[in-house]
Amino acid sequence: MCPNATPPTPPTPPIAFDPLAPGTQPPYFEPSYRSTILRSPRHAPITIPPTLTETTGPNFTPDRFPPVIDMTQHHGGTALGERIIVTGQVRDEAGRPVPHTMIEIWQANAAGRYDHAHDQHDAPLDPHFHGHGRVFTDQDGNYRVVTIKPGAYPWGNHANAWRPNHIHFSLFGAGFAARLITQMYFPGDPLLALDPIFLATPDPAARARLIAGFDLAVTEPNHALGYRFDITLRGRAATPMEGGA
Amino acid sequence: MIPTASQTIGPYWHLIDDPSGYDLTRFGAEGDIITLSGRITDGADAPVSDAAIELFQAAPARSAIFPGFGRAACDAAGQFRFITLKPSPLPGPAGARGNTPQAPHCGLAILARGLLKPLFTRLYFPDEPLNATDPILALIEPPARRATLIAQAIGPDHYHLDIALQGAAETVFLEF
């Protein structure tokens with residue numbers, strides 16, 4: 001194989017991207033989230049028509065990117081904390097399932113501490129919890145991961161600031177323009193009403209979709225509580241995606 | 001259906017647990033191998049030391065040995081580096097501009113604390129005749145800002161692009 005000899009990629013049916021509904025995404029500049037002040041551009045982004053760079057994307061496969069479906073098992077032991085199951089469906093803007101797509105997951109441990117060199121929070125690390133998962137959706141766009149409920153933790157944004165319990169999700173979808181990093185929150189968390197990151201998205205319904213639902217049908221007796229978190233990616237696939245696992 | 005809202009990657013991302021992601025040739029791709037480097041700064045000209053930067057390219061075609069995607073972590077000086085294959089030209093967007101070819105380029109996404117959603121931009125190469133007619137560069141006004149997307153050749157097969165999130169030299173960012 002000699003990839004550099006490949007001629008320019010022929011035009012393929014482009015993934016269509018609808019304009020984003022106003023208020024359903026956070027802005028770049030949100031002064032209540034202080035880190036945005038020096039990191040948000042002052043010029044508006046230039047709107048471009050999607051080209052192959054934006055409408056196509058990598059095809060991650062489990063052989064190159066090994067799944068980690070049970071985050072509670074690490075270094076030969078079991079993580080401390082409240083074991084939970086998180087499941088849901090990934091679909092596109094047309095409501096079609098996105099099959100065989102990779103989801104990367106990361107989070108703090110039950111005490112609210114990340115196993116990360118930069119996290120200085122005075123809470124214990126758990127030798128049996130690294131906090132990194134990777135799962136692939138099945139043919140129907142469904143995923144499932146077993147983990148522990150992450151703890152809340154303080155941050156320096158303002159006086160007595162605490163992040164709500166949350167799990168980070170990273171997805172690629174069918175193309176660069178569908179790239180999504182988001183956070184899943186938990187129902188009933190009193191910190192949500194105080195969190196500038198959660199509140200940065202203006203539309204209350206869009207914010208509500210970031211909160212997982214407790215689901216007794218997902219809950220396993222004598223084992224773990226279940227939560228459902230569905231994810232919608234940008235784009236409408238013209239044809240079912242090829243390849244997969 | 002309405003796409004899920006973006007949230008920041010935050011400062012504690014684990015996505016780089018596999019640091020080899022900066023090298024798009026690590027699965028054995030061969031060809032015109034190049035190094036791309038750069039430095040990301042904020043509105044105070046301070047390095048963005050906690051950013052993730054992702055590179056996407058549609059050409060050469062993706063294959064089992066060339067993912068067309070890379071991810072790098074910025075270091076304490078805000079610097080990043082990729083190894084990849086030199087992109088070839090791509091067809092332009094369909095429509096009024098009539099498929100004018102796009103100059104060789106890579107897509108870039110910057111993810112960091114303080115970015116509630118990714119910042120998308122592109123890296124183009126110096127001395128590419130197609131830059132003059134590239135249908136995406138042509139959309140950038142005033143034209144002087146187009147230069148913020150064009151890397152400099154700083155060595156054999158080594159191109160460098162500084163990215164300013166804010167300030168006098170603010171990079172042009174894109175949305176789709």
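Two strands are taken to pair if DSSP finds at least two bridges between them. In this predicted model, strand β4 (residues 83-91) of chain A meets that criterion with β7 (residues 142-148) of chain A, to which seven bridges join it. The two strands run antiparallel. Within this pairing, Gln89(A) stands opposite Asn142(A) of β7(A).

Strand β4(A) also has parallel partners. Four bridges link β4(A) to strand β13 (residues 225-228) of chain A in the parallel sense. There, Thr87(A) has Arg228(A) of β13(A) as its bridge partner. Strand β14 (residues 231-232) of chain A likewise pairs with β4(A) in the parallel sense, over two bridges. Val90(A) stands opposite Ile231(A) in β14(A). Strand β4(A) is mostly covered, with seven of its nine residues buried.

A separate description applies to the four strands that form an open sheet in chain A, in the order β6-β5-β10-β11. The pairing in this sheet is antiparallel. Its edge strands are β6 (132-136) and β11 (180-185) of chain A, and each pairs on one side only. From one strand to the next, the twist averages 25°. Strand β10 (residues 166-171) of chain A is joined to β11(A) by six bridges. In that antiparallel pair, His168(A) has Gln183(A) of β11(A) as its bridge partner.

Tyr185(A) and Phe198(A) form an edge-to-face pair, with 5.1 Å centre to centre and 75° between the planes. This pair links distant parts of the chain, 13 residues apart. Tyr185(A) belongs to strand β11 of chain A, and Phe198(A) to helix α3 (residues 196-199) of chain A. Tyr185(A) and Phe198(A) are buried.

The charged end of Arg42(A) sits over the ring of Phe29(A), 4.8 Å from its centre. Arg64(A) lies over the face of Phe27(B), at 4.0 Å from the ring centre.

Conventions. Residues numbered from 1 in each chain as written. Chains lettered and ligands numbered in written order. Predicted model: local features only at pLDDT ≥ 70, side-chain atom pairs only at ≥ 80, totals over all residues. Heavy atoms only, no water. Axes fitted to C-alpha atoms, helices over the stretch in contact; angles between N-to-C directions. Phe/Tyr/Trp six-rings, centres within 6.5 Å; stacked < 30°, edge-to-face > 60°. Buried < 20%, exposed > 50% of the residue type's maximum accessible area, 1.4 Å probe, protein only. Lys NZ or Arg CZ within 6 Å of the ring centre and 35° of its normal.
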